[in-house]
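Please consult the sequence and the coordinates shown here before reading the report.

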Number of protein chains: 2
Amino acid sequence: MTTGIGTTTAQIVDKHRATLDRALEAIRSREFWTPHPEHPKAYGEEAAKEGKAAFDALRGSRFEIPDQPVSGEWVATEVSPYGIEMDISYPRADEGALDALLPVMRAGLPAWRKAGPEVRAAVCLEILARISERTHEFAHAVMHTSGQAFLMAFQAGGPHAQDRGLEAVAYAYEEQTRTPGRAHWEKPQGKREPLRMEKEFTPVGRGIALLIGCNTFPTWNGFPGFFASLATGNAVLVKPHPRAVLPLALTVRIAREVLAEAGFAADLVALAAEAEGDGIAKNLATRSDIRVIDYTGGSAFGEWLEANARQARVHTEKAGVNTVVIDSTGDYKGMLSNLAFSLSLYSGQMCTTPQNLLIPAAGIDTETGHKSYDEVVADLGAAVGKLLGDDARAAALLGALVNEQVRQRLEAAPKLGEVALASRTVHNPEFPDATVRTPVIVKVDGTKQDEEAVHLEECFGPVSFAVAVGSTEEALELLRHTLLTKGAMTVSAYTTSPEVASRIEEVCFDEPAQLSLNLTGGVYVNQTAAFSDYHGSGGNPAANCALCDGDFVSGRFRVVEVRRMAG
Amino acid sequence: MTTGIGTTTAQIVDKHRATLDRALEAIRSREFWTPHPEHPKAYGEEAAKEGKAAFDALRGSRFEIPDQPVSGEWVATEVSPYGIEMDISYPRADEGALDALLPVMRAGLPAWRKAGPEVRAAVCLEILARISERTHEFAHAVMHTSGQAFLMAFQAGGPHAQDRGLEAVAYAYEEQTRTPGRAHWEKPQGKREPLRMEKEFTPVGRGIALLIGCNTFPTWNGFPGFFASLATGNAVLVKPHPRAVLPLALTVRIAREVLAEAGFAADLVALAAEAEGDGIAKNLATRSDIRVIDYTGGSAFGEWLEANARQARVHTEKAGVNTVVIDSTGDYKGMLSNLAFSLSLYSGQMCTTPQNLLIPAAGIDTETGHKSYDEVVADLGAAVGKLLGDDARAAALLGALVNEQVRQRLEAAPKLGEVALASRTVHNPEFPDATVRTPVIVKVDGTKQDEEAVHLEECFGPVSFAVAVGSTEEALELLRHTLLTKGAMTVSAYTTSPEVASRIEEVCFDEPAQLSLNLTGGVYVNQTAAFSDYHGSGGNPAANCALCDGDFVSGRFRVVEVRRMAG
């Protein structure tokens, strides 16, 4: 598959083949593995300083994308939730620039297709390797666009995102190589000569893939689609969220460098930045050149894409109502501290943060005796209070509110019911302008149908509902109803009863959702590990795909067969 | 995965495991293989007589589906294109019957899920084995609903359809078993104890799959979706075309018998027959219980399904404009006789039959010298005429026109341009009431934009257009335009120039389509072999999926992970 490709490409394959093989092994075994260290210190003595300096050098400047056709206009749309000045300008992709860009992107496709799955995978791994070298720089870029605290931006925006990208490359490679490049076909014809044919099978990308980035996890949610599309032979047009351009703009620039060095067209990857309100995603999404779409964001636009971008294979991660069923526990404190952490991490601004805690009105059994509904809610509030009691520690866990809408939603929450835990303002000494708030917990009566309008809507941000239910039985019915009508990225449950556990599992099988049972230690329901955990199920309304499985990559390419009579 | 399943299921696995393994090998190597003999005599001395008798016994009777919830009303909608009396009544699935049926179908899902991929595959193979034993009966059922001639109905409706079903089971099994059932995950934490988790991964079907059958190839086009959905843990509701119910009704009854014998709910498979015009497919397609749809038929309803059945994963095979590029040939006679056969087989009523033959107006080079456009068209007409000169032989190749619409379209064809080969009526001595017609070839000027309305619409049936193009270059542009705007199930080309061949390949890579090059022997562009050839690409407007690849099965199930802390 590498005919016509020079030595550089062969060297890239040599360099990365072992990592690819190890990743292929990991997705098959689903055991723990990562080639990307989590600890900031693992990146060398100078890395922290250099990464910060690189980030600071970008601020207040024009972010050039050498050689990409652009409009000549520039836009600066990012606002750091930590209050520092960003003022980074990107080439604005207006209608005319896009008209010029798409044919140029398509022009690079034949050579990229011809390179074959192995070379494409190796080029993707080289892009990831160069991103990895600049993890500190990316960490600052993610922190100051998403509002994540530094360590989280480092880990989730760096190694964890890189893992998810590598995982997608591994799936893409495996899926494309299930069919051999050639086959000889010989069909017996009784006493006559057999029919003989030579067949060639070529995985071909669909064309240009559009990545529509999100504000909160630009790399973690962006890399899987980006690398899955590129590895399957597509060009990728990256349309970042106007408030989180930098992490993906860096990605685009690195990808273009690697592609060009390897002898491919840099324009196989391009950036389409816009001013807030330009709406270029909608403009692009129904163009015939756009054949694959990856989207993370609100449900309304996700559903619009699914209904309208019919010339493309559309992958969406939208909104859901994540649910925790609390039936009983053998480790009450462990449960409370685990939940407190989950609600607090990044101010509940993860698509995986629990929203509804379903608690029987009659209370639950624990190893230290029965606890009433009110006690459970109060104890959870206390656990959150304790976790976030110290401002410095709280700020490091909470990060900052990503935008005004989240703050408004948080401030409106007390109107939704009785406040069990009030939100408080946290002072971040390093970034005094950051908007930092602790989560609010609101009590809701889950047995009253008219309160469904409250807890059955996604309330993105640090707002959770302690939903009183008549019984665990009713909790399961509410869970089923939630999954069916709203979907969920995560379901979590606490129970000491194997029978209850098994019934919760059945609900999650019936209306597919990923389930974590009795988490009490250092693993949280909002976190998943690449190569092992699935992110979303793709089987309920929260998302139409899962990260990452065969289905996430299989629609991004087609296998074209060319058959002829054997000589 | 087989806990709780009795010995019967284990026996079914024992019986079929070797066949499954051989099928898995075949889809990986894509070499020739089939366990289903093509020759009618291979099914035993008495099989022909018994199969005919079984079919005749069904005529004029009620087709009972024991134990399936039904409305009490009956419908008889089939009309044999050969003119024999059918009068087979099926339980009519009205709104009330469907309302009652769907919950009953869902009730069987948990046990079917729990059985796991291997047991499900084995049960599917047992269903196929029982269908295979009754191939002669199916042949008559397909013949008298589709209008295919007996031998074709036997082969395409029998062994070839069974091959496609088995292929889908193999893909489904492979896809579901890529993830292990369990994994132990252990993440190092420096000097602290590692984080340890136990994870279980369960492939779960999405719910109820709806199969919307077609008139012309009820089993061949129906089996892939039917078995892919069943093997991935779904229930399957079969909604046959009102004119081709019997082949799928037999399939449903056999499937229900096998499921019940193996200890599963018979209602995992059910029949929804309707009177013409009832429109129950539309009613069913947007119900929340329907999570997978397979459809073969016209583009309008296919596109409606894609846009509206958003709660389901929709697989469509619609209409396309199949194209042959004729640039040059080293075997003029071989080309003509191969094309003549392709145009005649089943009166051009295959979704794979070539419609447009693109021929340079200046003619083509052949091994016997240059041939003008008019000569090529005349010689092709003569080849068709010779092939179909004898009525008995013609009838055995042409079959019968499936319905009035096809006859009307054929009769209207002479208005579309200059007739190069007129259609003639063929007398079928065995079935004098059959409507049998030879194909018409109409000349069209491909350089005139206003004639595009003629040849760029699918004209289903025995109508082909000899499209004069300015050059091979223009033929490639027209091919590209056709693939982009209309799609094609098949592309075929004749050329002696490796450079031209390679440019045609590039077009088929750019706008994914399956390509046959220089077919001159006993392999025809309209035929594909399971385990080796893809049917459609899924990458152009003719179909959104290919038979069969990983993508055809991967959306029919989700993998649900249940994770908990390791003890």
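The structure is a predicted model.

## The interface between chain B and chain A

In the contact between the chains, 82 residues of chain B meet 82 residues of chain A. Together the two chains bury about 6500 Å², and 46% of this area is on carbon and sulfur atoms. Three residues, Arg178(B), Phe509(B) and Arg563(B), supply 12% of the area that chain B buries against chain A, more than any other three residues.

The interface holds 26 salt bridges. One salt bridge pairs Arg291(B) with Glu511(A), whose closest N and O atoms are 3.1 Å apart. Polar contacts link 58 residue pairs between chain B and chain A, counting pairs with both residues at pLDDT 80 or more. On the side of chain B that touches chain A, strand β21 (residues 557-565) of chain B gives the largest share, 8 residues. By class, that side of chain B consists of 32 nonpolar, 21 polar and 29 charged residues.

## A helix pair in chain A

Helix α5 (residues 135-146) and helix α9 (residues 246-261) of chain A pack at an angle of about 145 degrees, and their axes are 8 Å apart. From α5(A), the contact involves Glu137(A), Phe138(A), Ala141(A), Val142(A) and Thr145(A); from α9(A), it involves Leu246(A), Pro247(A), Leu250(A), Thr251(A) and Ile254(A). The residues in this contact comprise 7 nonpolar, 2 polar and 1 charged.

## Backbone features

In chain A, the peptide bond between Leu547(A) and Cys548(A) is cis, with omega about -10 degrees. Cys548(A) belongs to the loop between β18 (515-517) and α19 (550-554) of chain A. A cis peptide bond also runs from Leu547(B) to Cys548(B), where omega is near -10 degrees. In chain B, the loop that contains Cys548(B) lies between β20 (515-517) and α19 (550-554).

Arg30(A), a residue other than glycine, has a positive phi, near 55 degrees. The loop between α1 (7-29) and α2 (47-58) of chain A contains Arg30(A).

Definitions and conventions:
Residues numbered from 1 in each chain as written. Chains lettered and ligands numbered in written order. Predicted model: local features only at pLDDT ≥ 70, side-chain atom pairs only at ≥ 80, totals over all residues. Heavy atoms only, no water. Axes fitted to C-alpha atoms, helices over the stretch in contact; angles between N-to-C directions. Helix = DSSP H or I, 4+ residues; strand = E, 2+ residues; numbered from the N terminus. Contact = heavy atoms within 4.5 Å. Nonpolar A, V, L, I, M, F, W, Y, C, P; charged D, E, K, R; others polar. Buried area = accessible area lost by both parts, 1.4 Å probe. Salt bridge = Lys/Arg side-chain N within 4 Å of Asp/Glu carboxyl O. Polar contact = N/O pair within 3.5 Å; in protein donor to acceptor, adjacent residues only side chain to side chain.
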